[in-house]
Amino acid sequence: MGDVADVLDVVVVGAGFAGLAAGRELTRLGRDVVVLEGRDRVGGRSLTATLAGVPVDLGATFVGPTQDAVAELAAELGCESVPTFRRGKNLIRWRGKVRSYRSTIPRLSIIELLDVSRIQWRFDRVSRKVPVAEPWISPLAAGLDAVSLEQWLRSVGAGASTRDLMAIMSRVTWGAEPDTVSMLHAVRYVKAAGGLDRMLDVEGGAQQDRFPAGTQQIAVRMAGQLGERVVLDAPVRCIRRGADDTLTVTTPRGAFAARTVVVAVPPAHRAAIQFDPPLPPRHAELHRHWPQGNLSKAYAAYDTPFWRADGHSGEALSDEGPVFITFDVSPDDSGPGILLGFTDARTFDPLPDAQRRESALSGFATLFGDAALRPVDYLDHRWGADRFAPGGPTAAVPPGAWTSHGRCLHEPVDGIFWAGTETADRWTGFLDGAVRSGRRAAAEAHQELARRA
């Protein structure tokens, strides 16, 4: 339990990848640190469960090229990654028919493919004029932030197929529809990932590899290194500055005093913390302008990955819900076969347990045949129903937010520093961005402490 008589160098709020990375880096720098976590576990939006005896990730799952921060961290901690299975044909349910394809872009008509290429070229051209670190300074910023991704697509004459493909991308990326996401946010986010191809591809892209033991093991091992510095079941209620500039962080587990604080939770969840004195107005308003998206997952386990025998990769897209994208995360050819499906939270989440199962399996069966209706195990997870911090996978930033409040995303406030994947300038929204943000905030806190010494 915290003792306010002991003044720490830093209190870190949140034991997800960002908070743990910050705590680990600060410890390496010789600082006295405590990491406070409201849940009874570490990992944040990384959560690993077991299905048919196989670890499966209910949250963050994949890692790919140029995600060096998380890849190197995982290797250092002894967490092995393997290639995502992709041998065989991909499938797409499109306009009522199921077709196969092999590339990133599904096999559409020539006119549709030309339109997709044209819109991607327009998107990339716009992104060159938007700096990731300060997107609001772009000469295009005001115009791009005034419209949604959907409005921009329509303004450049994108066809229905292109808009529908971009809608699938929007759902799996932000857990939101294209008409709710700022075009400036979309451009900045994709650029932070290295472009649309890098963000969407399996081979050579963000889904290239996965961790067979799950991603949460990385967080668990970071927490193991920090030991008693990590305090669970300690949701932060208040951060109060005293007359001597000491920051007192109050939780049900006690109060912790520190010279600096790193808040490593999503911007939308900063609202759960009372700041005394209050944050500057724009910082205090940020949570209302940076809402979380909403995305759910469904897993089905089978005796074997039967789709492989049919020459399919297990990777599929669908223009109808509730399952709109799938991956094969089976251990090997002998089984069990594990299908991962991302589901549309709008229609999926309100259903009772049995109906969610039936709905997800029906979606799998539409793509892979009736054998998908007979799993040996099933599991789903609705991040929007998370008791402690609902929403995911990352922020779905609406029009107007970047130009009005973007500067506040990780701008320090009197010894309070901000981390979390939403604040990263590379691989925003991914595990890699979370690790980078934690290290950046740790460096800022360390420099502030050095300045005061």
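What you have open is a predicted model, in which local features need pLDDT of at least 70 and side-chain atom pairs count only at pLDDT 80 or more, while totals for chains, interfaces and linings use all residues. Residues are numbered from 1 along each chain as its sequence is written, and side-chain values use heavy atoms, leaving out hydrogens and water.

**The whole chain.** Switch to cartoon view and you will find 15 helices and 20 strands (DSSP runs numbered from the N terminus: helices are H or I with at least four residues, strands E with at least two). The radius of gyration is 22 Å, close to the 22 Å that the globule rule gives for 453 residues, so the chain is as compact as a globular protein of that length (taken over C-alpha atoms; the rule is 2.2 Å times the number of residues to the power 0.38). Show the C-alpha trace next: along its principal axes it spans about 70 × 50 × 40 Å. Of the 453 residues, 58% count as buried, meaning under 20% relative accessible area with a 1.4 Å probe, protein chains only.

**Around S12.** Now select residues 247-251, strand S12. Leu247, Val249 and Thr251 make up its covered face, while Thr248 and Thr250 lie on the uncovered one. In a regular strand the side chains alternate between the two faces of the sheet.

Then bring in S13, residues 254-263, joined to S12 by five bridges and running antiparallel to it. Look for valine 249 opposite phenylalanine 256. The hairpin of S12 and S13 has two residues between the strands.

**A three-strand sheet.** Finally, select S5, S9 and S6: they form an open sheet in the order S5-S9-S6, with antiparallel pairing. S5 (62-63) and S6 (82-83) stand at the edges, each with a single partner strand, so one side of each is left without a neighbour in the sheet. Zoom in on S6 and S9 (residues 209-210), which pair over two bridges, with proline 83 opposite aspartate 209.

Notes
Buried < 20%, exposed > 50% of the residue type's maximum accessible area, 1.4 Å probe, protein only. Pairing = 2+ DSSP bridges.
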